[in-house]
Amino acid sequence: MNKFELSRNAFGKLVFTSSEGVHEGVVPVRAFPIAAPDSGIALVDADGHELAWIDSLNELPAPARALLEEELKNREFLPVIKSIRHVSTFAVPSTWEVETDRGEASFVLKGEEDIRRIAQDTLLIADSHGVQFLIRDVQALDKASRKLLDRFL
């Protein structure tokens, strides 16, 4: 891995500094945002050229890791569903009220095809506006949430 430093400029943009130069407006990009969110992260410049590859966030010093995690969190919006509170109807379209890792949310599920299985117990649900919601582990949901979800699977 290249030796580099990360910081923020006066405008809040991520700055990458290495022996090869300084690049402002650097963007972190996850190779596998759902399956391996802490592994395989590329740092790319404003033109999309890769400046560095990070095998694991754990190998970074704490300040650089904190900057990257903050940048990724601001860049990516993928609320994780912790429980399903209510579903308006078992026919589609239906309105879902859920508790996520970012608070309570309500969305409209247009069709059952908008629930995609991406691993054995991992689901990605797209609402009517294209916002993606993640269920990391169906089995980790409470019994009432699993029962509501089963009506759509």
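1. β7 and strand β8 (residues 94-100) pair in the antiparallel sense, over five bridges. Within this pairing, Ile84 has Val98 in β8 as its bridge partner. Strands here are DSSP runs of E, at least two residues long, and helices are runs of H or I, at least four residues long; both are numbered from the N terminus. Two strands count as paired if DSSP finds at least two bridges between them.

2. A word on the source. This is a predicted model: local features need pLDDT of at least 70, side-chain atom pairs count only at pLDDT 80 or more, and totals for chains, interfaces and linings use all residues. Residues are numbered from 1 along each chain as its sequence is written, and side-chain values use heavy atoms, with hydrogens and water left out.

3. The β7-β8 pair belongs to an open sheet of three strands, ordered β7-β8-β9, with antiparallel pairing. β7 (81-87) and β9 (103-109) are the edge strands; each has a single partner, so one side of each is left without a neighbour in the sheet. From one strand to the next, the twist averages 30°. In general, strands of a sheet pair through backbone hydrogen bonds, either parallel or antiparallel.

4. Check the loop between β7 and β8, where Pro93 sits. Val92 and Pro93 are joined by a cis peptide bond, with omega about 5°.

5. Helix α2 (residues 143-150) lies across β7 and β8 and runs at about 65° to β7. Axes are lines fitted to C-alpha atoms, for helices over the stretch in contact; angles run from 0 to 180 degrees between N-to-C directions.

6. Next, the core. The largest nonpolar core has 17 residues, and Ile81, Ile84, Trp96, Ile125, Ile135 and Leu149 touch the most other members. β7, β8, β9, β11, β12 (132-135) and α2 each supply at least two of its residues. The largest share, three residues, comes from β7. Apart from this core lies another, of 16 residues, including Phe4, Leu51, Ala52 and Leu60. A nonpolar core is a set of buried Ala, Val, Leu, Ile, Met, Phe, Trp, Tyr and Cys residues joined through side-chain atoms within 4.5 Å. In soluble globular proteins, nonpolar side chains tend to be buried together.

7. Contact means heavy atoms within 4.5 Å.

8. Thr122 lies in strand β11 (residues 122-126). Is Thr122 buried or exposed? Thr122 is buried, with a relative accessible area of 14%. Buried means under 20% relative accessible area, exposed over 50%, and partly exposed in between (1.4 Å probe, protein chains only). The Thr122 side chain reaches the backbone oxygen of Arg136 at 2.8 Å. Not counting residues up to four places away in sequence, Thr122 touches Ile34, Arg116, Arg117, Leu134, Ile135 and Arg136.

9. Asp38 lies in the loop between β4 (27-30) and β5 (39-44). Asp38 is partly exposed, at 35% relative accessible area. Beyond residues up to four places away in sequence, Asp38 touches Arg30, Asp55, Ser56, Leu57 and Arg65. The C-alpha atoms of Asp38 and Ile54 are separated by 9.3 Å, with the two residues 16 apart along the chain.

10. Last, a hairpin. It joins β2 to β3 through two residues. Strand β2 (residues 14-18) and strand β3 (residues 21-24) pair in the antiparallel sense over four bridges. Thr17 has Val22 in β3 as its bridge partner.

Conventions: Polar contact = N/O pair within 3.5 Å; in protein donor to acceptor, adjacent residues only side chain to side chain.
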